[in-house]
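Work through the exercises below with the model open beside the text, and try each task before reading its solution.

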Amino acid sequence: MIIATAMNAYLLFFKQPPSRAEFLRRTRARPDTYAAELMGDLHDEVFRNCVELRREYQRYYAVEYPRFSDFTANFRYFPEQLQPKADAYFARYKVIIPFGSHGWIYQDEEGLRLLAKVFRLTPKSL
Amino acid sequence: MRPSELARVAWRNHRPPGLTRIWQLARVGLLGVKLGAMTRSQALADIRQALARLCTEIRLDNAAGYLSQNKLLENLILPVLRVVLNAPGLQNANAVTINQAHIDLVDAKQKLAVQVTTTREASKITGTLKGFIEAKKHRNIRTLKFVVFADPSPNYRSATTAGWKRICRGKLAFLPAQDVIDLDGLFRLIDNLSHAKLVKVRNIIAQSVVGTEYIDVAAAIAGQAGRQVEDEKASGKYIPDVFVETSSAKSQARLFLHPFLFFERILDRCDRRRLPLLNRLLQRCGLAPIPMPDRTRYGHDGTWAALMAAADRLATDLTAIEMTVAAYAAIEHGKPPPTTAKPEGRHYYAENAYRIKNWVDATNEWIGEMREELKILRSRVFILTGKAGQGKTNLVCDLVERFVLRHGIPCVYFTGLQLGRVSADLPDHIRKTLFKDKVPAFEDAVRFLGDHAAERKQPFVIFIEGLNEHTRLAEFSGQLEELIKAAVRHPSIRLFLTCRSEYFEQRFGTLRHAPFASDLHVLESAEQRMGEDERARMVTGYFKFFGINPAHVADHAAAALGKDTLLLRFFCEAYGPLRNPAGYQMPQITHIYRAQIFDFYLKTKLRFAVAARNRLPGLPTVRGTEANLFEVIKLIVGHMVNHRKFADVPLSAIPADKETDLHVLLGEDIVIRRDPVNNPTHLGPTRDVLNFTYDEFRDFLIARYLIDHVYSQGQQAFLDFLAAGANGAENISEGVKRFLFYWSRAPENAAFWQFYSTQQAYAESYPEEIFSIDEAHLDANDRQQVRQIVEVGDKTACRVARRLIPRLPSRYPLLNLELLIETVAARDDAFHAILIEPIFSPIYDRLERQSAVEAFCESIEKRILPQLNPATHQVIFDFLPMLLPIEPKPGLESPGMSAIRMFVATAPAVCINGLLRSLQYGITRHRPYVWRLLTEFIPQLLDPAATRTMAAAALGTATTATALEINRFLARIPAP
C-alpha cells in the first residue's frame, strides 16, 4: 500500500519488500543502463536511506512506547487521519517506510501511480 | 567441615618444614592467633558457608531461573578462579570473542579455558570436549577445565573418564581428576592458597551475590525514582501526557541515558547517509572519493571502555570525511574544478558542480549532527537549563517514568528542594539514602553503583531536578562539584541535572570551568514553538490529566488556552475535577475569564501548599493555614506597592516568624520563587530575593491589594499610584489596570466601580478587557458603549469589531456579531472600507498567502456547518455578504463569492436568506455581488415572486453596477 501524506511525502507499506535485483527486474531496466542506475538508486533510497519504522520502533522505542501507534504519534510519522490505524498497519505489514520523494519524482497523481507501479503497491488516499 | 578437619587439611597441604611449622600455623590462624583482621579459619568458614549458599542458589536458579549464570560468572566465579587457578588474565570468553562456543572463561596468555556448568551429567563434559576438539580450539588452548557447581558433587565412572581421554588423545592434555573441579575440589584448591590469597577469595565471595557482605544495589535503589515521580505527580508539578516533544531535548537525553542502545542508532544513521551516491558523483567528476565509515570498526564488547573507544573511532573517521569534504568546499558552478581533478571528468564536472556543492553542505551538516551526538554520548553530566515554566520538571519526570524505568536503567531521583531540607552534605546524603550505614564512604557507594550499572551495560544515573530550589545555594554548588568529581571517576555513573537558566550561570557557572568541564553537556531548552497540532495535543494532555471533559470547553476557549500555557495550567487547576471536591460538576466553559481563573487558582495552590506543609517532617509544630500563607503573599505584594518596585523583594521583607510559611510557598514554586541577584560591586556575595513566578499573576495580586488595602484607605493614595503608573514610573501599569478593570466589574465591588469607572485608566482598559468579563455582569450600557467605540471607525474600533465577530448572540446576548452587523449596516460604504476590510487583510502563512476571507469561511465550514441551526447561526450568514466586496477580482469575483457558493450547496435557505436581508443594509458596495449570486441561485429561491418584486423596486436607486446585475436577474427569473 502507498499513501501520499503531504507534499513530496509518501508512506510505503510492504508485506514483502522486493530485493534490489527483483526490483530491477520488475522495472524492466536493462543492466548497465542509466535507467538501471536510476531505478537502483530509487531502491537504495527507499530501503537503505530511509528510516524503516517497524525496525526503528522495535529496536529503540518499543520499551518506551508500548504500542506502535504511541511511537508514530509522538514522532508524528503518520498524519492524523492514519493514526488510528497505526497498530493495524504494524500488524499487517513487514516494512513501513516514510519516503520523501523530493528530487525523485513529481508529487502528483502520476507520481503516485508510478511509485505504486514500480513497487507493486496499491495506492490509497488519506 | 569442623575446625579440626580444617587444621588437618591445612597441615597436609602446607607441610611447613621444621620450626616454621608453628609460625605457619599461627599465621594461618589455626592456633587461634589473629593476623590482621581475619583468621584463616574464619576465612574458610565464610567461604564454606558462601559455597553452600551458592549450591542452594544454583538449585533455585535451575528451578526458577532467578540467578543467571552470567551474573554468577561475572560476579563470583570469574574473580575467584582468577585467584585459585592463578590466572589473572582470565576473562569472560564472550567478552573476548562474540559467541564463544564450548568455553565460558579464557586466559589467552596462559592458553587456559574454563567451562562452568551447573549440571552433574557426564554428557555435558563429553559434548563440550567433542565440540572443543572438532572446532580445533585445542590449537590455541592447552588446558581445558570444567568447574561443576552441583550438589551433591558428581562422581563419574572410570569408563566415562576413559572416554574423555580418548576424545582428547593426542590433541589436548585432559586429566579428569585435575581438570574437572567440583565444589569439594574448589574448596580444596582454596584451602591450599596462601593466607593473603585466601583472604582475597574470602572477600570476593563475601561481597559477591551469595556473600554476607553483598550490597544489593538493585534492592537499595528499587522504587526510589518511581516514588519520586509519583510525589511529583501528587504535587501537580508533573503532569503526565502534557509533555509535547517539540525540541530535541528528549532525543539527546535518550542518547545520554542509554548510550549502549543509542550508539547503535548513531551507526544506523551512518549507514543511511547517502555517501555512496556522493562518491559516484565525485568519481565521475574525476575527483577523489571521500572515505566511507566502516561499521565493522565500531563494534564493542559491551564494556564502557570499548564503547567509548568505538565512539572515538567513529569520531576519527568523521574527521577524515570532514577533511576530504573541506577540499571540495570551494567548488562552485561555472568555476574550474580543483587541480586534483582528473581531466576525463571535466565535462561531467562542468554539468554537476552545483550538485557537489549541495552535497558538501549537506555532508558538513550531517557531520556536525553526528559530532554533537557523539559528544552527548561521551558526556557524564547532562544539564538542562531553561526559564521558569518551560516544562523542565515534566521532561525529567517523563524521561524517568517512561524511558529510564521502563529500560530498567538504575537511577535515583532527588529534587533540589529535598536536598535543601537535609543538613548532611550531598554525597553523604545520597550514600545514606541508598545504603544507610552498610557502605562506609561515598566512594564505595559510587563503586557499588557503578559496578551494578556496568554489569547491566547501562549507566547509573543520578537525577537532581531543580538545582535552584535548594535553600542554601552557595553551599550546595560546592557540594555538587564534589559529587560530580567523585562520580566521574567511575565510567558508568552519570548525572542528569536541571536548573533555571539565570541560576545556573550565577550559582553553578563554576561547573563550566571545573576539571570535568569537558564531561558536561549543557542544553538550554528552546522556547516552545508549537504549531496548531502540537498546541491541540498539549491542551488534550492537560485536559486528560485534570479530568476535564473537552465537550465542556468551547472550541474557541480551548484554542485560546492552547496559546497561553500559563492560563491553560491555571484553568485546569481551577476547573478540573482533579483539584475539586468529590461530586464536583464542571460548568460549561464558553469563554475564558482570566480574573476568575487566577482567583480560583490562587485558592487551589494555597490549599495545596497547606497540605504540603502539613506533610513535611521536622518543621515547626504550628501547622500552616491558607490565611498564614496568604499573609506572606500579602507582605510581598505590600512591599512591592509601598516601594513602587515590582520585582526582587528582599528576603528581609518577611519576618522571621513567617519563614516557614515562606519556604512552603517557595516549595510550590508556581506562586513565588527565589531569585539570585548579583552584588552591584561584583565583589561581595550574591543575595537572594523574592519574585512572583509569573508576572501576570503578580499583577493580578497587586490589583487585588490596591482595592483591598490602598483604595480602602483613601482614594487619593490609589489615584497617586495610578498617576505614577501613567507617568511611566512603573512598567506594570498595563497589567495592573487590566485586573483592576476585572475586579471593578465584579458585582461585589460595585462601590469601587462607581469610583473607578470615572477614571481614565478604566476607559483605556475598556475596549480590550470588556470582552473578558462574564456576560452576566454586563448590561445594555455596555452594548451601547461598545457600539460607540465601533462607530468611531479607528484602529480600536477594528480591534473591537474583531472581538465581536466570533461571538454569536445565542451565547453572548449583548456583545456579539449582531451588534457589529447593526452598526455597519447602518453606515455607508466608506465606513465598511475602514472597518471591515482591515480585519480581513490577507494572512501570510509560512509558504503561501492565504485569503483571510477564505480562512474565515473554512472555519465556518468546519465548526458551524456540521451543527448548523438556522435560529442561532443565521447571523453568520447575515455577515457573509459584507465580505463579498473584499479582495475583489475581475468579473465580480472574490473569495466571499466562492465561499457563499459553497455554503449555498450545503445550506441554501439560510444562506439565501442572508443575501436577501443584506440588501436592506445601508452599505451598497456588496449589492452587485449579491444580485449576481441571486441570479445563480434562482432555482433555489423560496419565493421567486417576492424576490422579483424586490429587484424591481431596488432598480430605481441602484448604482450602475448593481443595476446591471439586477437587470440580469430580472431577465433570468421566470415571469410570474
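Helices (H or I, at least four residues) and strands (E, at least two) are DSSP runs, numbered from the N terminus. This is a predicted model, in which local features need pLDDT of at least 70, side-chain atom pairs count only at pLDDT 80 or more, and totals for chains, interfaces and linings use all residues. Residues are numbered from 1 along each chain as its sequence is written, chains are lettered from A and ligands numbered from 1 in the order in which they are written, and side-chain values use heavy atoms, with hydrogens and water left out.

**Exercise 1.** Check the span of helix α6 of chain B, and find what its buried residues pack against.

Solution. The expected span is 1.5 Å times one less than the number of residues, so the 13 residues of α6(B) (residues 122-134) should span 18 Å, in agreement with the 18 Å between its end C-alpha atoms. Next, list the buried residues (under 20% relative accessible area, 1.4 Å probe, protein chains only); among them are B:Ile125, B:Leu129 and B:Phe132. The buried residues of α6(B) pack against β3 (112-117), β4 (143-148), α7 (158-168) and β5 (180-181) of chain B. Just after α6(B), B:Lys136 has a positive phi of about 55°.

**Exercise 2.** Explain why helix α26 of chain B is described as largely enclosed.

Solution. Of the 11 residues of α26(B) (residues 565-575), 10 are buried, so the rest of the structure largely encloses this helix; B:Arg569 and B:Glu573 are included in the buried set.

Conventions: Buried means under 20% relative accessible area, exposed over 50%, partly exposed in between (1.4 Å probe, protein chains only). Contact means heavy atoms within 4.5 Å.
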